[in-house]
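Subject: A structure for you to explore

Hi there,

Here is the structure I promised to pass on to you. Please open it beside this email and follow along as you read.

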Amino acid sequence: MYPNLYYVFKDWFGVEWKGLAFLNTFGLMVAFAFIAAAIVLTSELRRKEKLGLLFPREEMITVGKPASIADLLINFIVGFLFAYKIIGVFLNKPDDISAQEYIFSKDGNIVAGIVAGLFFLGLKWWDKNKQKLKEPEQRAVRIWPHDRVGDIIILGLVFGILGAKLFDDIENWDDFIQHPIERIFSPSGLTFYGGLIFAAIAICWYAYKRGIKLKHLIDSAAPALMIGYAIGRIGCQVAGDGDWGIFNSAYITDPATAKVVAVNEDGYQKQITKYSTYFLEGKVLDSGATYPVEVTDRVADKLEDIPHKAFKAPSFLPRWMVAYNYPQNVNKDGIRIPGCVDEHNRVLPIPVFPTPFYETVTCILLFLFLWGIRKKIKTPGIIFSIYLILTGLERFAVETIRVNIRYPKLYNLSQAEIISFSLILTGLVMLFIFNRLGNNATEGKSKLKIVE
């Protein structure tokens, strides 16, 4: 596993550059996901503009003004915060905390922050001064929808994170009530559908305000959302962020080598009993010791209730595709790997189904499908309707082998399953409505031609 770039460079190039630890691999893959989504979205918007489906909007801007106090202050703050944290990670971070914990703390390098802040301030002043006119003037500029992709991505990022954190805190409400500040400022704990819903609301509002036809925007966004999600799930798999499936009881982890070995049902039960404290309380454990728990009927029932399925990999598939133990995962979850002295030194005692990998493969295929049909379907809104149905079906299917909090009062469904079902239903309703509107529009054009 590669929790951050330090582990990537250590494994690939044999170098140990501690400063790279602040670059979380999950965060990097999320950044790549947004970049890929922006490229796809821009391409689709340009195509629709050429077809005459989307139009520019004229806006008045003031040019030739010198930098304002607000401009200079904002640039100073951005530069200060960036260097205060990033330089601080390299020069001031204590060894006993992770780079992510340091980033979200109040600590940093104040000298580097001031220097960088003044540098950013100076750049802004120089850029504005270079364009300054004797008399600032108003100019009309034509802004096409594809020119606004940067704003759309930023809105998606900000409101996506807010929504993802909110839905995760709702799903883990008891823990949030006990540790509200820690959960709010924790770099982990994000629920995809919360981010999708909040980001969608913000972007739709923005599009309405900017005069972008919503039905064409959402169709353009459908393949972008699918490929973005696929790439984001690579980050979950590579970092081992806990978003994995249930235990595969056909295998166990050999603590001495941290390798996955095939077992029978009895071997799985022995592993459960050996690490019963871990499975009952979720504690990280040393692999060289056993942790006896008094096996009462209550405890035995709890151990029996641990979600698992036994499935052995076919001969043509690597074992890790059905049973992966996420060594050195970013969550520091599991038993200690013998001889490993790194910050991330844990491995799951029983391997799990690597659901992030399944979602990456599935969503890449679904992206290719949406990309392939986008030019063939002429009725606006249909592509996005299909996207909602497909993404809902994909997530609902993978939830059958994922670990999630379930709600007994709602037919024992998880939050993701409830939202997935809602997306499928919404997609079907939208498909019916847009298809009906498209047919009516076609009939109207036919009647008009007859009159002519």
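This is a predicted model: local features need pLDDT of at least 70, side-chain atom pairs count only at pLDDT 80 or more; totals for chains, interfaces and linings use all residues.

Let me start with the backbone. Most residues other than glycine have a negative phi. Ala258 is not a glycine, yet its phi is positive, at about 60°. You will find Ala258 in the loop between β4 (251-254) and β5 (259-262). Is Ala258 buried or exposed? Its relative accessible area is 14%, so Ala258 is buried.

Tyr326 also has a positive phi, near 45°, and is a residue other than glycine. Look for Tyr326 in the loop between β6 (308-309) and β7 (335-336). With a relative accessible area of 0%, Tyr326 is buried.

While you are in the loop between β6 and β7, find Met321 there too. Apart from neighbours within four places in sequence, Met321 is in contact with Pro354, Phe357 and Tyr358. Met321 and Val352 are 31 residues apart along the chain, and their C-alpha atoms are separated by 9.6 Å.

**A pair of packed helices**

Next, the helices. Two packed helices are described by the angle between their axes and the distance between the axes. Helix α14 covers residues 355-373 and helix α15 covers residues 382-398; they pack at an angle of about 160°, with axes 11 Å apart.

By class, the contact of α14 with α15 has 10 nonpolar, 2 polar and 3 charged residues.

**Salt bridges**

Last come the charged side chains. Side chains of opposite charge can pair when their charged atoms come close. How many salt bridges does a search of the whole structure find? The search finds 12. Here are three of them to look up:

- Asp342 and Lys10 meet through their side chains at 2.9 Å, N to O. This pair links distant parts of the chain, 332 residues apart, with Asp342 in the loop between β7 and β8 (346-347) and Lys10 in helix α1 (residues 5-13). Asp342 is buried at 13% relative accessible area, whereas Lys10 counts as partly exposed at 27%.
- Arg139 and Glu137 form a salt bridge at 2.7 Å, N to O. Arg139 counts as partly exposed, at 41% relative accessibility, and Glu137 counts as partly exposed, at 35%.
- Asp243 and Arg402 form a salt bridge at 1.9 Å, N to O. Asp243 is in the loop between α10 (214-239) and β3 (247-248), and Arg402 is in the loop between α15 and β9 (406-407), so the pair ties together parts 159 residues apart in sequence. Both Asp243 and Arg402 are buried.

Asp243 and Arg402 also belong to a network of salt bridges, in which they are linked with Arg233, Glu359, Arg395 and Glu399.

Happy exploring, and write back with any questions!

Best wishes

Key: Residues are numbered from 1 along each chain as its sequence is written. Side-chain values use heavy atoms; hydrogens and water are left out. Axes are lines fitted to C-alpha atoms, for helices over the stretch in contact, and angles run from 0 to 180 degrees between N-to-C directions. Helices (H or I, at least four residues) and strands (E, at least two) are DSSP runs, numbered from the N terminus. Ala, Val, Leu, Ile, Met, Phe, Trp, Tyr, Cys and Pro count as nonpolar, Asp, Glu, Lys and Arg as charged, and the others, Gly among them, as polar. Buried means under 20% relative accessible area, exposed over 50%, partly exposed in between (1.4 Å probe, protein chains only). A salt bridge is a side-chain nitrogen of Lys or Arg within 4 Å of a carboxyl oxygen of Asp or Glu. Contact means heavy atoms within 4.5 Å.
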